[in-house]
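Student: I am new to this one and would like a friendly tour. Could you show me the model and talk me through it?

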Amino acid sequence: PCRGDDEPVYSPDGSKVAFVRALGPFDREKDRPADCGLWVGEVATGQVEQLTSNDGCDREYFPRWSPDGAQLTYWRWREDQTGTVGTAIFVIRADGDGERQLTDWEMFAGDSDWSPGGEWIVFATHPFQAFPPATTSSPTESNVYRIRPDGSNVEQLTDFDAATDRAGYPRYTPQGDQILFALQTPNGRELAIMPADGGQ
């Protein structure tokens with residue numbers, strides 16, 4: 001048996017913590033736990049509740065609370081029986097009901113976060129954690145997008161050349177008028193900022 005907790009984040013009012021938990025038994029042949037899911041715990045009591053479950057450990061990454069604490073966004077890694085990989089953005093109510101997939105698996109979306117007003121979710125394609133820098137002969141495109149929490153109005157905010165630059169880990173500034181992100185260049189990784197509606 002095994003249990004591993006990761007990527008904790010407080011709710012806006014500080015009363016709860018969302019996190020990712022892996023559960024045993026550990027499958028050594030496939031090198032992964034039996035189940036991975038999104039959990040929420042009460043700070044005052046220590047009681048926890050499992051919101052999602054993924055047999056074979058297709059798993060969630062980096063949960064983020066909506067500003068009103070009513071929902072969470074996160075991204076999920078999926079590998080099907082043929083070995084085909086995909087990632088997608090999801091939202092779910094804080095009580096575990098109403099899970100919705102916002103992006104197609106083939107978009108390879110990840111690193112999602114809410115705007116301060118809750119009207120947008122920002123994300124990047126080919127998240128760095130799952131898709132490390134590729135060779136110049138096989139570049140991986142990573143750009144920043146935003147989407148409405150109901151899955152409508154997908155907008156691309158950056159347009160980097162996959163052979164040279166990649167964008168990841170986008171986060172809104174507290175005022176919501178700009179987006180901070182990590183920019184991977186041939187010389188390394190640095191921080192960059194842009195208007196919330198894209199551009200330079």
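**A guided tour**

Tutor: Happy to! The protein chain exposes about 10200 Å², of which carbon and sulfur atoms supply 46%; such accessible areas come from the Shrake-Rupley method with a 1.4 Å probe, and for residues only the protein chains shown count as cover. This is a predicted model, where local features need pLDDT of at least 70, side-chain atom pairs count only at pLDDT 80 or more, and totals for chains, interfaces and linings use all residues. Residues are numbered from 1 along each chain as its sequence is written, and side-chain values use heavy atoms, with hydrogens and water left out.

Student: How many helices and strands does the protein chain have?

Tutor: Helices (H or I, at least four residues) and strands (E, at least two) are DSSP runs, numbered from the N terminus. By that count, the protein chain comes to zero helices and 16 strands.

Student: What percentage of the 200 residues is buried?

Tutor: Buried means under 20% relative accessible area, exposed over 50%, and partly exposed in between (1.4 Å probe, protein chains only). Of the 200 residues in the protein chain, the buried share is 46%.

Student: Is T73 buried or exposed, and which residue's backbone oxygen does its side chain reach?

Tutor: T73 sits in strand β7, residues 71-79. Because its relative accessible area is 0%, T73 is buried. Its contacts (heavy atoms within 4.5 Å), not counting residues up to four places away in sequence, include F62, I89, V91 and W114. At 3.0 Å, the T73 side chain reaches the backbone oxygen of F90.

Student: How many aromatic pairs are there in the whole structure?

Tutor: Rings of Phe, Tyr and Trp (its six-membered ring) pair if their centres lie within 6.5 Å; planes under 30 degrees apart count as stacked, over 60 as edge-to-face and the rest as tilted. A search of the whole structure gives a total of eight.

Student: What is the angle between the planes of F90 and W105, and which parts do they tie together?

Tutor: The F90 and W105 rings form a tilted pair, 5.9 Å centre to centre, with 55° between the planes. F90 lies in strand β8 (residues 85-93) and W105 in the loop between β9 (100-101) and β10 (109-114), so the pair ties together parts that are 15 residues apart in sequence. F90 counts as buried because its relative accessibility is 4%, and W105 is buried too, at 13%.

Student: What kind of pair do F128 and Y169 form, and how many residues apart are they?

Tutor: With 5.6 Å centre to centre and 85° between the planes, F128 and Y169 form an edge-to-face pair. F128 is in the loop between β11 (121-125) and β12 (144-147), while Y169 is in strand β14 (residues 166-172), and the two are 41 residues apart.

Student: Which residue's C-alpha atom is separated by 6.1 Å from that of P186?

Tutor: P186 is in the loop between β15 (178-185) and β16, and it counts as exposed because its relative accessibility is 66%. Not counting residues up to four places away in sequence, P186 touches T164 and D165. The C-alpha atom separated from that of P186 by 6.1 Å, 22 residues apart along the chain, belongs to T164.

Student: Where is L191 found?

Tutor: L191 is exposed because its relative accessible area is 64%. As for its place in the chain, L191 is found in strand β16, residues 188-195.

Methods
Polar contact = N/O pair within 3.5 Å; in protein donor to acceptor, adjacent residues only side chain to side chain.
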